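Reader: I'm new to this model and would like a hand reading it. Could you take me through it feature by feature?

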Amino acid sequence: MSCACSTHTNRFAYACSGAANTGLLADQAVRRLALQGGVRVTCLAAVGAELEGFLKNAREAQLNLVVDGCPTACGHKTFQRLGLPHTSLVLTDFGVEKGKTLVDEALIASTVERLALSLPAQP
């Protein structure tokens, strides 16, 4: 699956791609959202590792959408610790049960729709 990496948007999306089904869903939904346009997938781990190019992009972004799979909220906590502006969403707030909900095409599609609705309009 390709991403919208060739787009020149400064609206970024980060997924906590943790080991649970919720991390898988966050990853797949963010990638699909990027394919639809309007956000560009980038690396949450690189932000956590404090790699300067990724921090610069996050500081200068019009939007940093952080999608965590569960309430542990590793992505949100990373951005918060670094003082980076962001909008945070947690997929268990959408009714997904960690360790229980099957991640299938229908769930990915409905999650992408909900993520898309949460995005602020582009200027």
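Author: Let's begin with A73, which is buried because its relative accessibility is 8%; buried means under 20% relative accessible area, exposed means over 50%, and partly exposed is in between (1.4 Å probe, protein chains only). This is a predicted model, where local features need pLDDT of at least 70, side-chain atom pairs count only at pLDDT 80 or more, and totals for chains, interfaces and linings use all residues. Residues are numbered from 1 along each chain as its sequence is written, and side-chain values use heavy atoms, with hydrogens and water left out.

Reader: Where is A73 found?

Author: First, the labels: helices (H or I, at least four residues) and strands (E, at least two) are DSSP runs, numbered from the N terminus. A73 sits in the loop between β3 and α4 (74-81). A73 isn't a glycine, yet its phi is positive, about 55 degrees.

Reader: What is the phi of E50?

Author: E50 has a positive phi too, about 60 degrees, although it is not a glycine. You'll find E50 in the loop between α2 (44-48) and α3 (52-60). With a relative accessible area of 43%, E50 is partly exposed.

Reader: How do I read the sheet, and in what order do its strands come?

Author: Two strands pair if DSSP finds at least two bridges between them. Here four strands form an open sheet, ordered β2-β1-β3-β4, with parallel pairing. β2 (40-41) and β4 (87-90) are at the edges with a single partner strand each, so one side of each has no neighbour in the sheet. β1 and β2 run parallel and are joined by two bridges. If you look at F12, its bridge partner in β2 is R40.

Reader: Which strands does α4 lie across?

Author: For angles, axes are lines fitted to C-alpha atoms, for helices over the stretch in contact, and the values run from 0 to 180 degrees between N-to-C directions. Contact means heavy atoms within 4.5 Å. α4 lies across β1, β3 and β4, and runs at about 140 degrees to β3.

Reader: What about the inside: how many residues has the largest nonpolar core?

Author: In soluble globular proteins, nonpolar side chains tend to be buried together. A nonpolar core is a set of buried Ala, Val, Leu, Ile, Met, Phe, Trp, Tyr and Cys residues joined through side-chain atoms within 4.5 Å. The largest one here has 22 residues, and L25, L33, V39, L65 and V67 have the most contacts inside it. At least two residues of this core come from each of β1 (11-15), α1, β3 (63-68) and α5 (105-118). α1 gives the largest share, six residues. A second, separate core has eleven residues, including F12, V47, A61 and F79.

Reader: Which residues does L65 touch?

Author: Leaving out residues up to four places away in sequence, L65 touches F12, A13, Y14, L33, T87, L89 and L119.
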